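Dear colleague,

Please find the structure we spoke of placed just below, with the sequence alongside.

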Amino acid sequence: MANPLADCVSSLRSSNHLLANSISILDSGVNDFPRLAKVLQTTKHFELLPSSALSAAQSRLLSSLTPEFNALLSRVETHLDRLERREQALIARCELLEGRLSMSGEDNEAMGKGASGAMGRKSLAGESDGSREALRLKQARAKKERLGYAVERLSLQAQQRERQLRKSVAAQ
(Lines give C-alpha, C1' and ligand atoms only; values in the text may rest on other atoms or scores of the structure.)
Protein backbone atom coordinates (compact mmCIF):
# COMPACT_ATOMS: atom_id res chain seq x y z
CA MET A 1 0.00 0.00 0.00
CA ALA A 2 2.81 2.25 0.47
CA ASN A 3 3.73 1.88 -3.08
CA PRO A 4 0.46 3.17 -4.55
CA LEU A 5 0.56 6.11 -2.17
CA ALA A 6 4.15 6.81 -3.06
CA ASP A 7 3.17 7.09 -6.70
CA CYS A 8 0.39 9.48 -5.73
CA VAL A 9 2.76 11.59 -3.63
CA SER A 10 5.32 11.67 -6.41
CA SER A 11 2.63 12.67 -8.94
CA LEU A 12 1.42 15.37 -6.53
CA ARG A 13 4.97 16.67 -6.13
CA SER A 14 5.56 16.78 -9.87
CA SER A 15 2.22 18.66 -10.32
CA ASN A 16 3.24 21.05 -7.56
CA HIS A 17 6.62 21.61 -9.21
CA LEU A 18 4.91 22.13 -12.61
CA LEU A 19 2.52 24.69 -11.05
CA ALA A 20 5.44 26.50 -9.37
CA ASN A 21 7.24 26.77 -12.72
CA SER A 22 4.04 28.00 -14.40
CA ILE A 23 3.57 30.60 -11.65
CA SER A 24 7.16 31.86 -12.04
CA ILE A 25 6.76 32.09 -15.83
CA LEU A 26 3.43 33.94 -15.49
CA ASP A 27 4.92 36.21 -12.80
CA SER A 28 7.79 37.28 -15.05
CA GLY A 29 5.34 37.95 -17.89
CA VAL A 30 2.94 39.90 -15.66
CA ASN A 31 5.75 41.99 -14.12
CA ASP A 32 6.70 43.16 -17.60
CA PHE A 33 3.15 44.36 -18.52
CA PRO A 34 3.61 48.07 -17.56
CA ARG A 35 6.78 48.31 -19.66
CA LEU A 36 5.13 46.50 -22.55
CA ALA A 37 2.07 48.76 -22.31
CA LYS A 38 4.33 51.82 -22.53
CA VAL A 39 6.33 50.39 -25.42
CA LEU A 40 3.27 49.32 -27.35
CA GLN A 41 1.36 52.57 -26.72
CA THR A 42 0.99 54.70 -29.87
CA THR A 43 1.73 58.40 -29.73
CA LYS A 44 0.21 60.82 -32.25
CA HIS A 45 2.86 63.32 -33.21
CA PHE A 46 0.92 64.93 -36.03
CA GLU A 47 -2.78 65.02 -36.52
CA LEU A 48 -3.94 65.11 -40.09
CA LEU A 49 -6.96 67.26 -40.89
CA PRO A 50 -9.05 67.27 -44.01
CA SER A 51 -8.60 70.29 -46.28
CA SER A 52 -12.22 71.39 -45.73
CA ALA A 53 -11.63 71.69 -41.97
CA LEU A 54 -8.43 73.61 -42.62
CA SER A 55 -10.09 76.06 -45.02
CA ALA A 56 -12.98 76.56 -42.57
CA ALA A 57 -10.52 77.39 -39.80
CA GLN A 58 -8.70 79.83 -42.09
CA SER A 59 -11.93 81.59 -43.03
CA ARG A 60 -12.95 81.89 -39.36
CA LEU A 61 -9.55 83.36 -38.54
CA LEU A 62 -9.81 85.78 -41.45
CA SER A 63 -13.31 86.87 -40.48
CA SER A 64 -12.24 87.49 -36.89
CA LEU A 65 -9.08 89.44 -37.83
CA THR A 66 -10.48 91.59 -40.65
CA PRO A 67 -12.52 93.96 -38.43
CA GLU A 68 -9.53 94.45 -36.13
CA PHE A 69 -7.26 95.25 -39.07
CA ASN A 70 -9.82 97.71 -40.44
CA ALA A 71 -10.13 99.42 -37.06
CA LEU A 72 -6.35 99.72 -36.76
CA LEU A 73 -6.07 101.09 -40.29
CA SER A 74 -8.74 103.71 -39.64
CA ARG A 75 -6.94 104.76 -36.45
CA VAL A 76 -3.68 105.10 -38.38
CA GLU A 77 -5.39 107.13 -41.12
CA THR A 78 -6.97 109.43 -38.53
CA HIS A 79 -3.62 109.93 -36.83
CA LEU A 80 -1.89 110.63 -40.16
CA ASP A 81 -4.59 113.16 -41.09
CA ARG A 82 -4.14 114.85 -37.73
CA LEU A 83 -0.37 115.00 -38.24
CA GLU A 84 -0.84 116.38 -41.75
CA ARG A 85 -3.15 119.13 -40.48
CA ARG A 86 -0.65 119.95 -37.75
CA GLU A 87 2.14 120.12 -40.31
CA GLN A 88 0.10 122.46 -42.53
CA ALA A 89 -0.75 124.64 -39.53
CA LEU A 90 2.91 124.84 -38.57
CA ILE A 91 3.91 125.71 -42.13
CA ALA A 92 1.26 128.45 -42.23
CA ARG A 93 2.41 129.78 -38.88
CA CYS A 94 6.03 129.74 -40.04
CA GLU A 95 5.13 131.69 -43.17
CA LEU A 96 3.14 134.15 -41.11
CA LEU A 97 5.97 134.67 -38.66
CA GLU A 98 8.49 135.06 -41.50
CA GLY A 99 6.24 137.72 -43.02
CA ARG A 100 5.97 139.49 -39.68
CA LEU A 101 9.73 139.37 -39.20
CA SER A 102 10.43 140.76 -42.63
CA MET A 103 7.70 143.36 -42.10
CA SER A 104 8.98 144.41 -38.69
CA GLY A 105 12.52 144.67 -40.13
CA GLU A 106 11.26 146.96 -42.91
CA ASP A 107 9.14 148.94 -40.44
CA ASN A 108 12.09 149.43 -38.11
CA GLU A 109 14.22 150.65 -40.99
CA ALA A 110 11.45 152.95 -42.22
CA MET A 111 10.70 154.22 -38.73
CA GLY A 112 14.36 154.78 -37.95
CA LYS A 113 14.97 156.61 -41.19
CA GLY A 114 11.66 158.41 -41.05
CA ALA A 115 12.05 159.54 -37.45
CA SER A 116 15.58 160.76 -37.86
CA GLY A 117 14.70 162.28 -41.22
CA ALA A 118 11.61 163.93 -39.78
CA MET A 119 13.59 165.39 -36.91
CA GLY A 120 16.22 166.64 -39.30
CA ARG A 121 13.54 168.04 -41.56
CA LYS A 122 11.71 169.73 -38.74
CA SER A 123 14.86 171.45 -37.76
CA LEU A 124 15.18 172.74 -41.26
CA ALA A 125 12.90 175.64 -41.92
CA GLY A 126 12.42 175.00 -45.59
CA GLU A 127 10.83 171.52 -45.45
CA SER A 128 8.70 170.74 -48.49
CA ASP A 129 5.31 169.11 -48.48
CA GLY A 130 6.54 166.54 -51.02
CA SER A 131 8.86 164.82 -48.53
CA ARG A 132 6.08 164.67 -45.91
CA GLU A 133 3.79 163.23 -48.52
CA ALA A 134 6.43 160.61 -49.43
CA LEU A 135 6.78 159.64 -45.75
CA ARG A 136 3.00 159.28 -45.38
CA LEU A 137 2.89 157.26 -48.58
CA LYS A 138 5.62 154.93 -47.29
CA GLN A 139 3.77 154.52 -43.97
CA ALA A 140 0.51 153.81 -45.83
CA ARG A 141 2.24 151.13 -47.92
CA ALA A 142 3.68 149.52 -44.78
CA LYS A 143 0.24 149.58 -43.17
CA LYS A 144 -1.28 148.07 -46.31
CA GLU A 145 1.30 145.27 -46.23
CA ARG A 146 0.65 144.60 -42.53
CA LEU A 147 -3.08 144.46 -43.19
CA GLY A 148 -2.46 142.11 -46.14
CA TYR A 149 -0.49 139.77 -43.87
CA ALA A 150 -3.22 139.96 -41.24
CA VAL A 151 -5.86 139.07 -43.86
CA GLU A 152 -3.70 136.18 -45.09
CA ARG A 153 -3.24 134.92 -41.53
CA LEU A 154 -6.96 135.12 -40.86
CA SER A 155 -7.77 133.29 -44.11
CA LEU A 156 -5.27 130.54 -43.22
CA GLN A 157 -6.86 130.21 -39.79
CA ALA A 158 -10.30 130.03 -41.38
CA GLN A 159 -9.13 127.31 -43.79
CA GLN A 160 -7.61 125.37 -40.91
CA ARG A 161 -10.84 125.58 -38.92
CA GLU A 162 -12.81 124.45 -41.99
CA ARG A 163 -10.52 121.42 -42.36
CA GLN A 164 -10.90 120.58 -38.70
CA LEU A 165 -14.66 120.89 -38.97
CA ARG A 166 -14.74 118.66 -42.07
CA LYS A 167 -12.57 116.07 -40.34
CA SER A 168 -14.72 116.06 -37.22
CA VAL A 169 -17.90 115.71 -39.31
CA ALA A 170 -16.30 112.90 -41.37
CA ALA A 171 -15.20 111.10 -38.19
CA GLN A 172 -18.73 111.08 -36.85
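Predicted model: local features only at pLDDT ≥ 70, side-chain atom pairs only at ≥ 80, totals over all residues.

Residues are numbered from 1 along each chain as its sequence is written, and side-chain values use heavy atoms, with hydrogens and water left out.

Taking a salt bridge as a side-chain nitrogen of Lys or Arg within 4 Å of a carboxyl oxygen of Asp or Glu, the count comes to 3. One of them joins Asp81 and Lys167, with an N to O distance of 3.4 Å, and this pair links distant parts of the chain, 86 residues apart, since Asp81 sits in helix H3 (residues 51-123) and Lys167 in helix H4 (residues 129-171). Helices here are DSSP runs of H or I with at least four residues, numbered from the N terminus.

As to accessibility (relative accessible area: buried under 20%, exposed over 50%, partly exposed in between, with a 1.4 Å probe and protein chains only), Asp81 is partly exposed at 27%, and Lys167 is partly exposed at 35%.

Within helix H4, Arg136 and Glu133 are 3 residues apart, about one helical turn, and their closest N and O atoms are 2.6 Å apart in a salt bridge; Arg136 is exposed at 52%, whereas Glu133 is partly exposed at 44%. Arg166 and Glu162, 4 residues apart in helix H4 and again separated by about one turn, form a salt bridge at 3.8 Å, N to O. Here Arg166 is exposed at 53%, and Glu162 is partly exposed at 44%.

Terms used
Helix = DSSP H or I, 4+ residues; strand = E, 2+ residues; numbered from the N terminus.
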